Amino acid sequence: MIPRISFPGGVSVPALGQGTWHMGEDGASRAREADALRLGLDLGMTVIDTAEMYADGAAEEVVGDAVDGRRADAFIVSKVYPHNASRSGVVAACERSLKRMRVESIDLYLLHWRGAVPLAETVAGFEALVQAGKIARWGVSNCDVDDLEELGAALPGCATDQVLYSLENRGIEFDLLPFCARHSMPVMAYSPVGQGGRLLRVPALMAVAARHGRSAAQVALAWAIRSGGVMAIPKASDAAHVRENAAAAALVLDDEDLAALDEAFAPPSRKRGLAML
Ligand code: NAP
């Protein structure tokens, strides 16, 4: 069983979901990618994260393929480009995303990152979409504490902040994570396995994995969701990776593991600018 996290308002989702960045870029891989997402749904990773940006909309089409005939099994997250985030632009962008995914509504719709449009205007567009039943809730991405504070009275309506968070990028532990915890706002950790790169070959991480007879990616995921206030959305097109990622939920890291990881990936001791990809 994958542990769950709760959004404000009470809806809960499994703390391990699935990313889709780079899916849809190659038409020949599209069926395999949709199959991978469906396998993830079968294994309980029901949150699927996408964006109008990914493959210029083609990732959303892959999501549409994956949820075809089983929409109720998935909790779909998509994101609007900052340059589409005016009050009317948000509505138009959402309509296009719905069409590409061939669904009636999006479960969580995020501002991908901050641009020139005032946050309040974007939020007004989001609220109009909620009223129209096109999205169930809204949130932000790549926002730091000062951005969230700027939401002011709208902050309780913000379901999440999706940010870069992994052993390699722990800056948010200093202030953003405590801020979100105080406001009962779960954080969505993107690139949680370091995009499958160098992170997974760090000796300290590999040693913890070996101690548990697990993979480095599984340790990275178990670590990311350890607090209960964070969910992780690893992207995997490879079925073996999907299986491995879902099984990471069963791994509980002990004090010895956490100390070894702190030693290799120091937690922040001061404010750092929000890291993003
Ligand atoms: P990631 O999930 O950390 O890494 C994905 C890469 O790792 C893929 O190449 C994948 O390979 C590989 N991988 C996955 N599981 C693995 C495993 N168990 N063992 C070894 N390798 C594994 O990076 P990401 O895609 O950047 O981030 C995840 C998702 O977060 C994105 O897909 C996207 O939905 C979201 N995101 C959001 C933002 C934002 O600005 N809001 C930014 C970046 C990402 P295969 O595909 O070959 O399986």
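Tutor: Start with the largest pocket, which holds about 670 Å³ of space. The model is predicted, so local features need pLDDT of at least 70 and side-chain atom pairs pLDDT 80 or more, while totals for chains, interfaces and linings use all residues. Residues are numbered from 1 along each chain as its sequence is written, and side-chain values use heavy atoms, with hydrogens and water left out.

Student: What makes a space a pocket, and what makes it a cavity?

Tutor: Work on a 1 Å grid over the protein atoms alone. A cavity is a set of points where a 1.4 Å probe fits but cannot get out. A pocket is an open set with protein on both sides within 12 Å along at least five of seven lines. The volume is the space filled by probe spheres set on the points, which are joined across faces, edges and corners.

Student: Which residues lie nearest the centre of the largest pocket?

Tutor: Trp21, Ser191, Pro192, Gln195 and Lys235, out of 31 lining residues. A lining residue has an atom within 4 Å of a point. The elements giving two or more residues to this lining are α8 and α9 (239-247). α9 gives the most, with 3 residues. Helices here are DSSP runs of H or I with at least four residues, and strands are E runs of at least two, numbered from the N terminus.

Student: How does the lining of the largest pocket divide by residue kind?

Tutor: Into 14 nonpolar, 14 polar and 3 charged. Nonpolar covers Ala, Val, Leu, Ile, Met, Phe, Trp, Tyr, Cys and Pro; charged covers Asp, Glu, Lys and Arg; the others, Gly among them, are polar.

Student: How many cavities of 30 Å³ or more does the structure hold?

Tutor: The count is 1. The largest cavity has about 40 Å³ of space. Its lining is Gly17, Gln18, Met45, Pro234, Lys235, Ala236, Val242 and Asn245. That lining splits into 4 nonpolar, 3 polar and 1 charged.

Student: Why is His112 called buried?

Tutor: Buried means under 20% relative accessible area, exposed over 50%, and partly exposed in between (1.4 Å probe, protein chains only). His112 has 8%, so His112 is buried. His112 sits in the loop between β5 (108-111) and α4 (119-131). An unreviewed UniProt entry lists His112 for "binding site"; such annotations may be inferred rather than shown by experiment.

Student: Why is Glu95 called partly exposed?

Tutor: Glu95 has 34% relative accessibility, so Glu95 counts as partly exposed. Glu95 is found in helix α3 (residues 87-101).

Student: What makes a set of residues a nonpolar core?

Tutor: The members are buried Ala, Val, Leu, Ile, Met, Phe, Trp, Tyr and Cys residues, joined through side-chain atoms within 4.5 Å. The largest such core has 93 residues, and those with the most contacts inside it are Leu16, Tyr109, Leu148, Leu205 and Leu261. Its largest share, 8 residues, comes from helix α8 (residues 216-224). In soluble globular proteins, nonpolar side chains tend to be buried together.
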